[in-house]
Amino acid sequence: MATPTHTSDDASPTVTLIDNQSQKRIELAILPSNEGPDVIDVRNLYRDMNYFTYDPGFTSTASCDSAITFIDGEKGILLHRGYSIEELASRSDFLEVAYLLIQGELPSKKQRQKFDAEIQLHTMVDEQLISFYNGFRRDAHPMAIMVGVVGALSAFYHDSLDIKDLAQCHLASMRLISKMPTIAAMAYKYTMGQPFVYPDNELTYSENFLRMMFSVPAQEYVPNPVLSRALDRIFILHADHEQNASTSTVRLAGSSQANPFACIAAGIASLWGPAHGGANEAVLNMLNEIGHKDNIHEFIARAKDKNDPFRLMGFGHRVYKNHDPRAQVLRESAHEVLTELGSTEQPLFELAMELERIALEDDYFIEKKLFPNVDFYSGIILKAMGFPTSMFTVLFAVARTAGWVSQWNEMINEPVHKIGRPRQRYIGYGLREYVPTEKR
Ligand code: CMC
């Protein structure tokens, strides 16, 4: 039984936990949050009561203090350092958002110039990395290349590995944000059998990425402002998202004082899964599988069938339970991009809109509060822009690097470093005696 009370000596609230078996009781402090639920401090629970808390999937667990991103899943609010995602998506650009996430404030003009110059300084990668790419099969998934190459950066940039040196941490952070588009575009070019394209520091972050992806030496590349703006928006919307699986992975890896490149590679590995960053790729695959509006009802029925593992990709969210604020922004971008391109992807988009309409009117999806998430629209936009589905999660990784790096910096700058070490509810055998093979 947990009852909210206040301690008598000071006004700080506590809950009293009473073990109904032993009648032992413990006062647990309630620590205030600036926004969202306050947290019950259970750090002494094991020591004082010999209990662990049990929360698989961490649905009720705050794993850290953070001042970077706030999400109210019920109200559909997403704030970075206090600024709403809708405002950032319409008024800011990705590099400014990256600065905001890392530094905590929007940059002045001078700070912004300095930040841009730092990013530009690191856009190229060590030439030796090219031989690293050559070790992969041409049909390798680009995320496999990303995990390998980003992890390998620790073998190339020895002067930014010491996490106790603030200047080195900053250098590693700049290198990661700056090199990620180059590494991502190289992964694509490698799988296409096309020459790598060096970065062009005259272009914006998004224009440069599009150029490294889609230009070839035989033809001049002219950036399309509608497409680079849409891509920049996708980057902004994916830049950070509080303590999601990949960010928690980065923090957990970093808690052992692993170097920043290794930590971000761990985050990329976590992001790859279809329940996280792989969802927009899964959305496209699903739309192709559905194929025609006439088949939508069959797939909706499958998604609702408990005995069928099929889920409607791009629907539902662990945190947002009413709407995903990022999805609304991208819904608009999807219309803009498809209008600009007069795209051949229009039928796919129309299929997606029909699926969205039918699902949103279906009792199952209404009752379970399942609605389109950001990935539902980002996949359609990226496909129309010419990105192959295998690159979708890679783009997510490029954007999320800003968040990972910010969260990693926040963690390593905490006064007390504690390695992340969850416990478990053990449900296996107790002690038993070893039986020799001939007696089994
Ligand atoms: N299609 C059909 N049923 C669903 C879906 C779906 N997409 N999502 C959840 N449900 C059902 C689920 O079967 C469960 O039903 P019941 O209560 O009868 O067992 C109920 O809704 C709650 O699901 P859950 O798995 O307990 O919810 P969760 O919060 O653990 O899962 C999720 C969140 C995103 C993993 C899940 O909704 C899902 O698998 N969605 C499809 C994949 C997807 O779009 N992922 C991208 C997430 S957004 C990107 C990001 O921010 O990283």
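Because the model is predicted, local features are reported only at pLDDT of at least 70 and side-chain atom pairs only at pLDDT 80 or more, whereas totals for chains, interfaces and linings use all residues. Residues are numbered from 1 along each chain as its sequence is written, and side-chain values use heavy atoms, with hydrogens and water left out.

Helices (H or I, at least four residues) and strands (E, at least two) are DSSP runs numbered from the N terminus. Two packed helices are described by the angle between their axes and the distance between the axes. For helix α3 (residues 94-103) and helix α18 (residues 392-412), the axes come within 8 Å and cross at roughly 20 degrees, where axes are lines fitted to C-alpha atoms over the stretch in contact and angles run from 0 to 180 degrees between N-to-C directions. Helix α3 is therefore roughly parallel to α18, a term that covers angles under 35 degrees. In the contact, defined by heavy atoms within 4.5 Å, Phe94, Ala98, Leu101 and Ile102 of α3 meet Val398, Ala399, Ala402, Gly403, Val405 and Ser406 of α18. These residues divide into 8 nonpolar, 2 polar and no charged, with Ala, Val, Leu, Ile, Met, Phe, Trp, Tyr, Cys and Pro counted as nonpolar, Asp, Glu, Lys and Arg as charged, and the others, Gly among them, as polar.

Helix α18 also holds Gln407, which counts as buried at 0% relative accessibility; buried means under 20% relative accessible area, exposed over 50%, and partly exposed in between (1.4 Å probe, protein chains only). Leaving aside residues up to four places away in sequence, Gln407 touches Ser66, Ile68, Asp240, Glu242, Gln243, Thr247 and Arg251.

Helix α17 (residues 374-385) is largely enclosed by the rest of the structure, because 11 of its 12 residues are buried. The buried residues include Asp375, Phe376 and Tyr377, and what covers the buried residues of α17 includes α8 (205-214), α9 (225-237) and α18.

Most residues other than glycine have a negative phi. Glu242, although not a glycine, has a positive phi of about 60 degrees, and Arg81 likewise has a positive value, near 50 degrees. Arg81 is found in the loop between β6 (77-80) and β7 (83-84), and counts as partly exposed at 22% relative accessibility.

Note on methods
Parallel < 35°, antiparallel > 145°, perpendicular 65-115°, else oblique.
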